[in-house]
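Here's a walk through a predicted model, chain by chain and contact by contact. Keep the viewer open and follow along.

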Number of protein chains: 4
Amino acid sequence: MLKPDKRDEILRAAIKLIAEYGFHGAPMAMIAVRAGVGAGTIYRYFENKDVLINELYRELEDKIRKYILSGYSTERPIRERFVHLNTKLFRFFIEFPLHFRYLEQFHNSPYGAAYRRDKILGESDEKDVFMRLFEDGLAQQVMKDLPILILFCLSFGPLITSMRDHILGFISLDDIMIERITEACWDGVKR
Amino acid sequence: MLKPDKRDEILRAAIKLIAEYGFHGAPMAMIAVRAGVGAGTIYRYFENKDVLINELYRELEDKIRKYILSGYSTERPIRERFVHLNTKLFRFFIEFPLHFRYLEQFHNSPYGAAYRRDKILGESDEKDVFMRLFEDGLAQQVMKDLPILILFCLSFGPLITSMRDHILGFISLDDIMIERITEACWDGVKR
Amino acid sequence: MLKPDKRDEILRAAIKLIAEYGFHGAPMAMIAVRAGVGAGTIYRYFENKDVLINELYRELEDKIRKYILSGYSTERPIRERFVHLNTKLFRFFIEFPLHFRYLEQFHNSPYGAAYRRDKILGESDEKDVFMRLFEDGLAQQVMKDLPILILFCLSFGPLITSMRDHILGFISLDDIMIERITEACWDGVKR
Amino acid sequence: MLKPDKRDEILRAAIKLIAEYGFHGAPMAMIAVRAGVGAGTIYRYFENKDVLINELYRELEDKIRKYILSGYSTERPIRERFVHLNTKLFRFFIEFPLHFRYLEQFHNSPYGAAYRRDKILGESDEKDVFMRLFEDGLAQQVMKDLPILILFCLSFGPLITSMRDHILGFISLDDIMIERITEACWDGVKR
DNA sequence: GATGAATGAGCGTTCATTCAT
DNA sequence: GATGAATGAACGCTCATTCAT
């Protein structure tokens, strides 16, 4: 039976190397060495490099979802939900900066474009937490009357850019700073 | 003697191909073909692919600076300057979507990190327009009392994320929408 | 204890896959799956792939020998024996086209050359049916005075080439056609 | 400009290595070494290994056609034409045993099956010399009334099998032997 | 100065074989 | 005895770079 341990080691090695050196700067052989497995072993767990990259993304997404959803309730006021999600996202990425880098790599690549296209245009079973938040915000007339995608950009665009600078070491995001950025973003979306 | 025309052709070919296919999806040979020059010729103008990529970035930055600075005056009120820069940036990227894609590729790569590090930490002769704007905004107590880098993120983070969606075709940014996004960002940074 | 059933399953799987996809188009893992055994199990019955390939050939040869020898008697006239062998061979290959394909693959490979060398030049205990037929044909002056190997080629060369075309579906060999080809070959070898 | 010399060297190396070791026993790297070129160079002349293999086959076919057609006239009697083609083929293969081995490898592989299918079923511009010979033979009632493909097998099947044995060193085909085999084949096809 | 044929290191991937279970 | 996960050498192929013309 395929060992989850090994699969995890491969995933961990891949995320680290890809986050650091980019997709084509992280050869399969290097990932294998770092994971402590043979080169061929990776292919027992992932059909090919593309599949590895995509599956890795999906695992990360799941991990994030679980993280930010803990303690989250759609019953709370919009503003509180907004702050919750924003704060949790910041915390997650600060705790796992490699994940952030990986996600950024992914989004800025053909992989990411295709994925995002599927997600936005495709038939999705469950409604996204974020979409839901903005829909509620609009319905309750708490947020500016803008397309949901735009509200999303206003809410999380600064998070993405400031995380970049944090990871590069140009700024340091502590709890206070996170709170203030989140507040500023709220000022941007609130009516 | 090296011909500027040829250099330009190479740069134009590179930007188009890299924006579309990514750094490693755009081989030198392909760039050469598209530029209408021999493969070896590129190396007379650029020491290697890395140099080409970096110089291309610098050219783009210059082009953007010139574009957004036209009609710009540091004598005008902060808010007006803010709107001017934001609007111009949107217009530039909508007019030259390839440039935006290239920039994004660049920022999310070892190239970008190294470059940004040099720029922020290094000794820069001229003060950046944006830095200047935020310094003035702080001095005049018009903007929130936040680090300049954070103000930058709040001001342009949403621009970047919404441009991504615009280029992928998920939203359509017209003048009205640009104005509304810019207003929202202003709400975010203004005191 | 090693089970003959399992050995047979492996052999059956190997012949089918190799006949269809060639030696290097039939990985051991694929053979194992088709045989319903573990990949490592094959190596308990056959030292390695080469051995498997060679033993498979020998099994096939045995099977053919048994098939064509049923009802065969060296007491009958040359011509009748010739027709018997030729016809039986045709029938065998038409019934088991995979066997024919396998044999052809084998003969046209380093395996085949080595094997044939051993057989012709080596010390063989039992005299080959075919050799015996041609020796008798020569002794009785019924066949052309040619080297035995040449008589063999004249007798069975057309069989091989026409079987190829039959299997590929270019011609259809029925009993009448088999008889006529056999007659023609006889015309070729008879004095 | 691509040098025909180099292309020829690659072809020569490929034919030798493939004839000796088979398609998968002759890696591109080995072909490159033997041809005295870099590994990547092969790909400037041939899109990939498959193309190299197919093109090599076509070159060989051309070479054979030219060789056997020299001095050939469709005006001569059937028998003479038959003897001419048969003899020339023998001579060609004896002179170029590697070519024979290569052809056999090719015919016994997916390449060969596909090719033969195209040739027989496809729309061919020029009528094949052999087809033409057998059609004339049938029309003049000189040959047995059999399908053309069968006449072909009767005429050249023995050639193929005896060439195999000649190359392996089991028999030695001199002019006399060639003549006698050809005569025997004629006995097989003639009415 | 310009070329593009030539190069070979390095990539993603396969598969015969091994060995711990 | 049987298994199949693990291995890594070896494959086909790409592409940044060089250099003879």
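How many residues does the contact take from chain B and from chain A? It takes 37 residues from chain B and 38 residues from chain A, where contact means heavy atoms within 4.5 Å.

Before going further, some housekeeping. Residues are numbered from 1 along each chain as its sequence is written, while chains are lettered from A and ligands numbered from 1 in the order in which they are written. Because this is a predicted model, local features need pLDDT of at least 70 and side-chain atom pairs count only at pLDDT 80 or more, totals for chains, interfaces and linings use all residues, and side-chain values use heavy atoms, with hydrogens and water left out.

Let's start with chain A by itself. This chain has 10 helices and zero strands (helices being DSSP runs of H or I with at least four residues, strands runs of E with at least two, numbered from the N terminus). Its C-alpha trace spans about 55 × 40 × 30 Å along the principal axes. Of the 191 residues in chain A, 50% are buried; buried means under 20% relative accessible area, exposed means over 50%, and partly exposed is in between, with a 1.4 Å probe and protein chains only. If you take the contacts in chain A with a separation of 6 or more, 68% of them come from residues 24 or more positions apart.

The UniProt record, an unreviewed entry, annotates residues 4-64 of chain A as "domain: HTH tetR-type". UniProt positions are given in the numbering used here, feature names are shortened, and annotations may be inferred rather than shown by experiment. In the model, that span is 75% helix and 0% strand, and its end C-alpha atoms lie 20 Å apart.

The size of an interface is often given as the accessible area lost when the parts come together. Chain B and chain A bury about 3400 Å² between them, with 68% of it on carbon and sulfur atoms; buried area here is the accessible area (1.4 Å probe) that two parts lose on being put together, summed over both. Four salt bridges are counted between the two chains, a salt bridge being a side-chain nitrogen of Lys or Arg within 4 Å of a carboxyl oxygen of Asp or Glu.

On the side of chain B that touches chain A, α6 (97-107), α7 (110-121), α9 (148-168) and α10 (175-189) of chain B each supply at least two residues. Here α9(B) gives the most, with 12 residues.

What about chain D and chain C? Their contact takes 38 residues from chain D and 37 residues from chain C. Together they bury about 3300 Å², 68% of it on carbon and sulfur atoms. N108(D), R164(D) and F170(D) supply 17% of the area that chain D buries against chain C, more than any other three residues. The count of salt bridges between chain D and chain C is four, and R164(D) meets E104(C) in a salt bridge at 3.9 Å, N to O. On the side of chain D that touches chain C, α9(D) gives the most, with 11 residues.

R164(D) has a partner within its own chain too: E104(D) forms a salt bridge with R164(D), the closest N and O atoms being 3.0 Å apart. E104(D) lies in helix α6 of chain D and R164(D) in helix α9 of chain D, so the pair ties together parts that are 60 residues apart in sequence. E104(D) is buried, at 4% relative accessible area, and R164(D) is buried at 15%. Over in chains A and B, salt bridges that share partners join E104(A), R164(A), E104(B) and R164(B) into one network.
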